[in-house]
Amino acid sequence: MSKPVYHKAVLLHEAVDGLNIDPDGVYVDVTFGGGGHSREILNRLGPNGRLYAFDQDPDAAANVPDDRRFTLVPQNFRHLRRALRLFSVKKVNGILADFGVSSHQFDVPERGFSFRYDAPLDMRMNPDAPLHAAAVLNDYDESELQRVFSRYGELPRSAQLARTIGEKRVVSPLATTGQLVDIIEGVYGFKQRQSAKAQVFQALRIEVNDEMGALADFLDQLAEVLLPEGRVVCITYHSLEDRMVKHLIRSGNLDDEPVRDEFGKRLLPFKAVNRKPIIPSEEEIKENPRARSAKMRIANRL
Ligand SMILES: C[S@@+](CC[C@H](N)C(=O)[O-])C[C@H]1O[C@@H](n2cnc3c(N)ncnc32)[C@H](O)[C@@H]1O
């Protein structure tokens with residue numbers, strides 16, 4: 001049997017076009033995964049160009065290209081500036097981010113990301129990270145659980161699900177995705193079940209990996225790490241992520257507050273390249289359903 005594809009890159013050409021590559025430039029792919037975007041960046045770099053790629057999942061190392069212009073940085077991208085300094089890199093020409101999880105992470109049952117398999121409740125992208133999904137489900141109090149489900153999964157009746165989990169875990173702690181699926185199926189009717197499972201699993205994954213915290217830390221460093229005229233390309237997969245990226249590009253900060261100099265002139269570190277986010281074509285979505293919620297924003301460092 002042929003080896004399953006690690007991950008099919010979303011908006012591949014549009015994203016790499018968005019970087020407006022200088023063949024001699026220094027670029028960063030902060031979400032290396034299967035390396036689809038990275039390989040396309042390398043195709044467009046000349047012999048003096050450089051690419052640094054981050055991934056916190058050690059499985060991504062299997063996809064490293066044999067190319068002396070490429071360096072894998074096996075770190076969380078929330079440490080972008082610090083990690084690049086270790087390579088004596090202070091400023092770069094472009095940064096690409098394709099957030100969320102890879103198909104590989106979903107498709108390996110024992111990682112616990114998917115409700116399609118019965119597996120341990122793990123969901124860590126970095127297997128050495130301290131928090132896993134079982135700890136969230138067993139240790140968070142019911143109001144915290146409800147917050148996770150409604151905020152990160154936009155789950156209806158999240159209080160009822162949190163209460164039911166509270167009752168079940170007293171009898172025996174939750175250990176497997178199968179147990180969680182049984183609870184969800186007991187709370188939601190037949191019609192709502194499928195989407196409820198997707199929403200609960202997404203919410204838990206975001207919490208376990210502190211995806212919103214890592215994104216905020218990353219975005220806060222962009223203005224400093226990008227050279228003037230440097231480009232950032234961000235592909236997001238849910239509205240909370242997209243809103244944070246939009247605010248950073250529009251106002252230069254995540255609070256979306258105008259910042260002014262002493263003369264009252266607005267200080268804007270970025271300019272959006274496209275007024276509206278770019279989304280995959282119908283054709284791409286048909287070929288790769290995981291692309292369906294993608295939104296891409298591109299900005300220039302001023
Ligand atoms: C959607 S996949 C990227 C796929 C990639 N663009 C490709 O073409 O194959 C996201 C990848 O980013 C990694 N990742 C997500 N959050 C991260 C973080 N905070 N720090 C480092 N890597 C992260 C995941 O482990 C995953 O491999």
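**Figure 1. Pairing of strand 2 with strand 3.** Strand 2 (residues 50–54) and strand 3 run parallel and are joined by four bridges; strands count as paired if DSSP finds at least two bridges between them. Opposite alanine 53 stands leucine 72 in strand 3. Helices (H or I, at least four residues) and strands (E, at least two) are DSSP runs numbered from the N terminus. The model is predicted: local features need pLDDT of at least 70, side-chain atom pairs count only at pLDDT 80 or more, and totals for chains, interfaces and linings use all residues. Residue numbers start from 1 along each chain as its sequence is written.

Figure 2. Seven strands form an open sheet in the order 3-2-1-4-5-7-6, with mixed pairing. Strand 3 (70–73) and strand 6 (270–272) are the edge strands, each pairing on one side only. On average, neighbouring strands of this sheet are turned by 20° against each other, direction ignored. Helix 10 (residues 211–225) packs on the sheet and touches strand 4 (92–98), strand 5 (226–236) and strand 7 (295–301); the direction of helix 10 makes about 155° with that of strand 5. Helix 11 (residues 239–251) also packs on the sheet, touching strand 5, strand 6 and strand 7, and its direction makes about 20° with that of strand 7. Axes are lines fitted to C-alpha atoms, for helices over the stretch in contact, and angles run from 0 to 180 degrees between N-to-C directions. Residues are in contact if their C-beta atoms, placed from the backbone, lie within 7 Å.

**Figure 3. The contact of helix 10 with helix 11.** The two axes, of helix 10 and helix 11, come within 11 Å and cross at roughly 15°. Helix 10 is therefore roughly parallel to helix 11 (angles under 35 degrees count as roughly parallel, over 145 as roughly antiparallel, 65 to 115 as roughly perpendicular and the rest as oblique). Met212, Leu215, Ala216, Leu219 and Leu222 of helix 10 meet Leu240, Glu241, Met244, Val245 and Leu248 of helix 11. By class, this contact has nine nonpolar, no polar and one charged residues (nonpolar: Ala, Val, Leu, Ile, Met, Phe, Trp, Tyr, Cys and Pro; charged: Asp, Glu, Lys and Arg; polar: the others, Gly among them).

**Figure 4. The contact of helix 6 with helix 7.** Helix 6 (residues 142–153) and helix 7 (residues 158–171) have axes that come within 8 Å and cross at roughly 135°. Helix 6 is therefore oblique to helix 7. Glu142, Leu145, Gln146, Phe149 and Ser150 of helix 6 make the contact with Ser158, Ala159, Leu161, Ala162, Arg163, Ile165 and Gly166 of helix 7. These residues divide into six nonpolar, four polar and two charged.

Definitions and conventions:
Two residues are in contact if their C-beta atoms, placed from the backbone, lie within 7 Å.
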